[in-house]
Amino acid sequence: MKTLLHKRRETLIRKWIERTVASYPEKTRAFLLGQGDRFANPIGNTIKDAIGPIFDGLLSDAPRED
């Protein structure tokens, strides 16, 4: 299972980001995904920056604190 998840990492991360952003109001979604300036869009950038490491941590059985 882990091998399959690793193979599909980029697709799964992209979908996870999309679904996370989908929980925000419609007008906010485009901003979160479209604004690349991390100072103008700290939430969107945090979502994009954090989901990959979270995914990797789950697959590597990292300690919960990580």
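## Contacts along the chain

In this predicted model, 49% of the protein chain's contacts with a separation of 6 or more involve residues 24 or more positions apart.

## Helices and overall dimensions

The secondary structure of the protein chain consists of 4 helices and 0 strands. Read from the N terminus, the order of its elements is α-α-α-α.

The C-alpha trace of the protein chain spans about 35 × 25 × 20 Å along its principal axes.

## Surface and charge

The protein chain has an accessible surface of about 5,200 Å². Carbon and sulfur atoms contribute 57% of this surface.

Among the side chains of the protein chain, 12 are positive and 9 are negative. The centres of these two sets lie 8 Å apart.

Which residues form a nonpolar patch on the surface? The patch is made of Trp 16, Ile 54 and Leu 58, and together these residues have about 290 Å² of accessible area.

Trp 16 belongs to helix H2, which covers residues 9-21. The relative accessible area of Trp 16 is 31%. Trp 16 is therefore classed as partly exposed, because this term applies to values between the buried limit of under 20% and the exposed limit of over 50%. The value of 31% for Trp 16 also meets the requirement that patch residues have over 30% relative accessible area.

Conventions:
Residues are numbered from 1 along each chain as its sequence is written. This is a predicted model: local features need pLDDT of at least 70, side-chain atom pairs count only at pLDDT 80 or more; totals for chains, interfaces and linings use all residues. Side-chain values use heavy atoms; hydrogens and water are left out. Patches are made of residues with over 30% relative accessible area and no salt bridge: like charges are joined within 9 Å, nonpolar side chains (Val, Leu, Ile, Met, Phe, Trp, Tyr) within 5 Å. Accessible areas come from the Shrake-Rupley method with a 1.4 Å probe; for residues, only the protein chains shown count as cover. A salt bridge is a side-chain nitrogen of Lys or Arg within 4 Å of a carboxyl oxygen of Asp or Glu. Helices (H or I, at least four residues) and strands (E, at least two) are DSSP runs, numbered from the N terminus. Buried means under 20% relative accessible area, exposed over 50%, partly exposed in between (1.4 Å probe, protein chains only). Contact means heavy atoms within 4.5 Å. Lys and Arg count as positive and Asp and Glu as negative; His and the chain ends are not counted. The place of a charge is taken as NZ of Lys, CZ of Arg, CG of Asp or CD of Glu.
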